[in-house]
Each structure stands twice: as C-alpha cells, then as structure tokens.
Amino acid sequence: MNPIYERSRDGRKAGTVKATVAVRSARADDGAAIFAIRNHAIEHSTALWTETPQTPAEGALWLAAHLERGSAFVAEAGGEVVGFAVYGPWRQYDGYRHTVENSVYVREGRHGLGVGSALMAVLVDAARAAGHHVMIAGIESGNEASVRLHERFGFRVVGVIPEVGTKFGRWLDLTLMRLSL
C-alpha cells in the first residue's frame, strides 16, 4: 500500500485527533493551495495517474471550469486550506449529462482527521441539489481509505478493472464506485 494511505486501525495516524473543519465553495484565490495539494498527490501517490505536475496555468483553467459550474469546494482548518473536492462530467457525450465523477483530496498530514468526510458530505449534497442523477468514483484499488470513505456515503463497488493504469513502475487496478443521487 502507498504510505500516503496508511492509517491506524481507527483510520487515523497515531496520536491524531479529528480536526474542526469548515467547508465552503472554492474561490479563484484558493488556487495555489489547491494546486499544492493536487501536485503533491501527483508526485507522491497513485490518486492521480499522471507523473506530470500541473502548471499554474493548467491549474487555473481546470479550477475555472469547476468554479463556473459551482462544483468546487475547499475545507479550511485553522484558517488554511487543508483539502478540496470537485465533481465534474463523467463523460463528454450528451447521454451522460446527468452523471458526474468526484474527486476528494486532503493535504498531506491531514489524512484521517475527518477532512475528507466533511468535503464528501458537501460535495454529494451539492451534486444532488444541482439535479445530477449518479456520482461515480474511480479509485486506485490500493487506496482502501478512499474506498471506505465512499462506502460510508453510500457508494457501492460496481467493478474493478485490472491493470488499466501505470505509475511508479507498477500496474494499477481501478475500482469503480457508484452512488444514486
């Protein structure tokens, strides 16, 4: 298992306590914090299946699309952004217009403190309120913490596709999860 996902039996790193987190809609000025979290995940985990960090220009375009859609949220603790969540189109064809895919990321050192749960609750509620029908999660199968998080919110595994990605010199399996909104 990738160390970024390793946790104690109760889901937290030893000696940690749950954080008090406030989740709000993301703003353009959250970009630097979001990109730092995203690029850390690119460089150190299998959460994003690329090894190329996002440039500030690419990140700004990516975030702008989510801001326009109203589908980007950040979690703050102690006045700093400690995580973000977005949803966006699952596929580009018109027939998929009521289905979205989610992404939830927590800053290094803040895993297992309730940040992901706080973000997920807001994200699912926002997608429902926007009239979406289904939310999909595509999770690297070794990321058991993410699978458990999604299960707590009612997502169910609908399939595992073996060896469809590669990163860090190994093949990765993709677990697909689905939630009816």
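## Helix 1

Helix 1 has 14 residues, which at 1.5 Å a residue should span 20 Å; its end C-alpha atoms lie 20 Å apart, so the two values agree. The model is a predicted one. Helix 1 covers residues 31–44.

Its buried residues are Gly 31, Ile 34, Phe 35, Ile 37, Arg 38, Asn 39, Ala 41 and Ile 42.

## Chain overview

Four helices and seven strands make up the elements of the chain. Read from the N terminus, their order is β-α-α-β-β-β-α-β-α-β-β. The chain has 181 residues, and 40% of them are buried.

Take the contacts between residues at least 6 apart in sequence. Of these, 64% join residues at least 24 apart.

What is the strand order of the open sheet? The seven strands follow the order 1-2-3-4-5-7-6, and the pairing is mixed. Strand 1 (22–25) and strand 6 (156–167) are the edges, each pairing on one side only. On average, neighbouring strands are turned by 25° against each other, direction ignored.

Helix 3 (residues 115–129) packs on this sheet. It touches strand 1, strand 2, strand 3, strand 4, strand 5 and strand 7. The direction of helix 3 makes about 160° with that of strand 4. Helix 4 (residues 144–152) also packs on the sheet, touching strand 4, strand 5, strand 6 and strand 7. Its direction makes about 160° with that of strand 5.

## Strands 1, 2 and 3

Strand 1 and strand 2 run antiparallel, joined by four bridges. Ala 22 has Glu 76 in strand 2 as its bridge partner. Glu 76 is in turn bridged to Val 81 in strand 3. Strand 2 and strand 3 are antiparallel as well, with six bridges between them.

Strands 2 and 3 form a hairpin with two residues between them. Gly 78 sits in the turn, with a positive phi of about 60°. Why is strand 2 described as largely enclosed by the rest of the structure? Five of its six residues are buried, so the rest of the structure largely encloses it.

## Strands 5 and 7

Strand 5 spans residues 134–140 and strand 7 spans residues 170–180. They pair in the antiparallel sense over seven bridges. Within this pair, Ile 139 stands opposite Thr 175 in strand 7.

Thr 46 lies in the loop between helix 1 and helix 2 (56–69). Thr 46 has 0% relative accessibility, so it counts as buried.

## Nonpolar cores

The largest nonpolar core holds 23 residues. Which residues have the most contacts inside it? They are Tyr 87, Met 135 and Phe 155. At least two core residues come from each of strand 2, strand 3, strand 4, helix 3, strand 5, helix 4 and strand 7. Helix 3 gives the most, with seven residues.

Tyr 87 touches residues from several parts of the sequence, setting aside those up to four places away. Among them are His 66, Arg 69, Val 100, Glu 101, Leu 123, Ala 126, His 132 and Met 135. A second, separate core has 15 residues, including Ile 37, Ile 42, Trp 62 and Val 74.

## Positive phi outside glycine

Glu 163 is not a glycine, yet its phi is positive, about 50°. This residue is in strand 6. Is Glu 163 buried or exposed? At 52% relative accessibility Glu 163 counts as exposed, because the cut-off for exposed is over 50%.

Phe 168 also has a positive phi, near 55°, and is a residue other than glycine. Phe 168 lies in the loop between strand 6 and strand 7. Its relative accessibility is 40%, so Phe 168 counts as partly exposed.

Technical notes
Residues are numbered from 1 along each chain as its sequence is written. This is a predicted model: local features need pLDDT of at least 70, side-chain atom pairs count only at pLDDT 80 or more; totals for chains, interfaces and linings use all residues. Side-chain values use heavy atoms; hydrogens and water are left out. Two strands pair if DSSP finds at least two bridges between them. Axes are lines fitted to C-alpha atoms, for helices over the stretch in contact, and angles run from 0 to 180 degrees between N-to-C directions. Contact means heavy atoms within 4.5 Å. A nonpolar core is a set of buried Ala, Val, Leu, Ile, Met, Phe, Trp, Tyr and Cys residues joined through side-chain atoms within 4.5 Å. Buried means under 20% relative accessible area, exposed over 50%, partly exposed in between (1.4 Å probe, protein chains only). The expected span of a helix is 1.5 Å times one less than its number of residues.
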